[in-house]
Amino acid sequence: MFNKTVFMTLFFFIMLCACGQDKTPIATLEPALLTANDVGHFCGMLVTEHDGPKGQVFLKNTAQPLWFVSARDSLAFSRMPDEQFKVSVIYVSDMGKAESWEQPGDHAWVKAQDAYFVEGSKRPGGMGMAEWVPFSEKIKAEQFISEYGGKIVRIDAIETDALLGEDKT
């Protein structure tokens, strides 16, 4: 009887300890392939039906991302008070490698933390809203600015109020 009690106590203790571990570290999460059936987390619409850069957000302990019709929406999601501590990694379309503005493709992704974002350009993103246009290479962002205006910012310099606030396009 004593051995069974000790065993059960140890078993439950080990199980409780295992529950809090993050099983999907950032290093192992690769961008998912965008399909024609993927739906935007905020709007419930098909992601591929919207122009401009897209976003995918992986939450801790998940293998499938939440999809967003714009890079802006994925960044906004990560800044929401109830969500910010749940985010493991964010990928956004790398518009310097994208097939086109209308269809960025499913192969051109960059981690948001590594991207150069163009803020304030003349190009609206998904749903026609102001967009923070992501690039993996600064030179590509500068080329985009020469045609569409704006300025380069890194993710930490993007104001939360601008992402969550009213559109200024």
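So, the surface: this chain exposes about 9700 Å², and carbon and sulfur atoms supply 57% of that. Keep in mind that this is a predicted model. On the inside, 40% of the 169 residues count as buried.

Staying on the surface for a moment, there's a nonpolar patch there, formed by F42, M80 and L164, with about 260 Å² of accessible area together. Let's pick out F42. You'll find F42 in the loop between α1, residues 2-19, and β1, residues 55-59.

Okay, the overall layout. We've got 4 helices and 7 strands. Walk along the sequence and the pattern goes α-β-β-α-β-β-β-β-α-β-α. As for contacts, take those between residues at least 6 apart in sequence: 60% of them join residues at least 24 apart.

Three strands make up an open sheet, in the order β6-β5-β7, with antiparallel pairing. The edges belong to β6, residues 133-135, and β7, residues 151-153; each has a single partner strand, so one side of each is left without a neighbour in the sheet. From one strand to the next, the twist averages 35 degrees.

And what joins β5 to β7? There are 3 bridges between them, with β5 covering residues 116-119 and the two strands running antiparallel.

Notes: Residues are numbered from 1 along each chain as its sequence is written. This is a predicted model: local features need pLDDT of at least 70, side-chain atom pairs count only at pLDDT 80 or more; totals for chains, interfaces and linings use all residues. Side-chain values use heavy atoms; hydrogens and water are left out. Patches are made of residues with over 30% relative accessible area and no salt bridge: like charges are joined within 9 Å, nonpolar side chains (Val, Leu, Ile, Met, Phe, Trp, Tyr) within 5 Å. Accessible areas come from the Shrake-Rupley method with a 1.4 Å probe; for residues, only the protein chains shown count as cover. A salt bridge is a side-chain nitrogen of Lys or Arg within 4 Å of a carboxyl oxygen of Asp or Glu. Two strands pair if DSSP finds at least two bridges between them. Axes are lines fitted to C-alpha atoms, for helices over the stretch in contact, and angles run from 0 to 180 degrees between N-to-C directions. Buried means under 20% relative accessible area, exposed over 50%, partly exposed in between (1.4 Å probe, protein chains only). Contact means heavy atoms within 4.5 Å.
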